[in-house]
Amino acid sequence: APTIAGMDPDPRRAHEPATGRRQLLDRLAWLTAALLLATIGLSAYMRLAQAGIGCADWPACYAESFRLGATAEPTAAESVARLAHRIVATAALALMLAMTMLAWTARPAWPAQRRWTTALLALALGLSALGVVTPGSRVPAVGMGNLLGGFAALAICARILALDRARAAHGDRHLRTLARIAGVLLVLQLATGALLSTSYAALACGSLDECQRAAAASGWPWQALDPWREPRFAFDAPQVMADGALTQWLHRIGAIMVAGLLVATGVMALRRGHPAIGIALVVLPVAQVAIGLIASASGLPLALVLLHNLNAALLLSALVLLV
């Protein structure tokens, strides 16, 4: 029988190309997520190594190049990491372009996939431009943009992977509301952690009580939370950022609150029949707090600080998969 141009008389066959394209998009999204996780790790390694985390003369060498205004020669490991970062980031960008083209050329149209793949590509291009126009910048906002942008890109990949699946919290108003509140607080917590790292406040204090006393003694300097303000170090302790105790205190207080809320969200998800995400939201926050405490107590070894960074990225992605 004659058919209208562009239509298949068998509806089952009409869905086959779309199904194949969706599977291809999923595979590309998984591969992109893996490359983004590697990019986040390599970027964190370069940033932390440059800051002096894990340096031989710890803690005197912490932030030494920043304080002295000197440009230290990169070690062999840092040079390899920089090269690997460029290769992996370029490969991820190519995959994002392929995902975007696939979403925009699909018939029938995929409006949600178009929006999210385009957003992912735009974010990646924005991060690339940020790296080009801000070399050697000393303001925390630049480092925060790179760090949080990488987390956001990984979360968007998780969102793309969840588009064709029944969302865990869909139709469950209480779980969805709790997860969204947890998500907002988690983003704020990630922002304080990024500020802590990029403003060289890691050694401002060593415990919650000590951070509170130090912040109170310095008059609760809220200007320290300005990401466009260059870090200022105390003259009597050059490796310590003078007013970084407030950032430390906020991050530690936030860790307790956000971890508790995320665990509660995970327990609710488990009870509502979503075991995989529920377990992730119980285990990852507890691990995040434990890694942070151990790293702080053991002198901030580079491996633990990197693990803390990667675990945070996974935690945000797990929460995105829920809602």
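Student: Is Trp220 buried, partly exposed or exposed?
Tutor: This is a predicted model, to start with. Trp220 counts as partly exposed, at 27% relative accessibility. Partly exposed covers what lies between the buried cut-off, under 20%, and the exposed one, over 50%.
Student: Where does Trp220 lie?
Tutor: In the loop between α8 and α9, and α9 covers residues 245–271.
Student: What about the phi of Trp220?
Tutor: Trp220 is not a glycine, yet its phi is positive, about 45 degrees. Most residues other than glycine have a negative phi.
Student: OK, Tyr200 next. What is its phi near?
Tutor: Near 60 degrees, a positive value, and Tyr200 is not a glycine either. Tyr200 is found in the loop between α7 and α8 (208–217).
Student: Is Tyr200 buried or exposed?
Tutor: Buried, because its relative accessibility is 14% and the cut-off is under 20%.
Student: New topic. Which peptide bond at Pro59 is cis?
Tutor: The one from Trp58 to Pro59, with omega near 0 degrees. Pro59 sits in the loop between α2 (16–51) and α3 (64–68).
Student: And what about the bond from Arg107 to Pro108?
Tutor: That peptide bond is cis, with omega near 0 degrees. Pro108 is in the loop between α4 (76–105) and α5 (111–133). Most peptide bonds are trans.
Student: Last one. Which residues make the nonpolar surface patch of about 340 Å²?
Tutor: Ile181, Val184, Leu185 and Leu188. Ile181 is in helix α7, residues 173–198. Ile181 is partly exposed, at 43% relative accessible area.

Note on methods. Residues numbered from 1 in each chain as written. Predicted model: local features only at pLDDT ≥ 70, side-chain atom pairs only at ≥ 80, totals over all residues. Heavy atoms only, no water. Patch = residues over 30% accessible without salt bridge, like charges linked within 9 Å, V, L, I, M, F, W, Y side chains within 5 Å. Areas by Shrake-Rupley, 256 points an atom, 1.4 Å probe, with all protein chains shown as cover. Salt bridge = Lys/Arg side-chain N within 4 Å of Asp/Glu carboxyl O. Helix = DSSP H or I, 4+ residues; strand = E, 2+ residues; numbered from the N terminus. Buried < 20%, exposed > 50% of the residue type's maximum accessible area, 1.4 Å probe, protein only.
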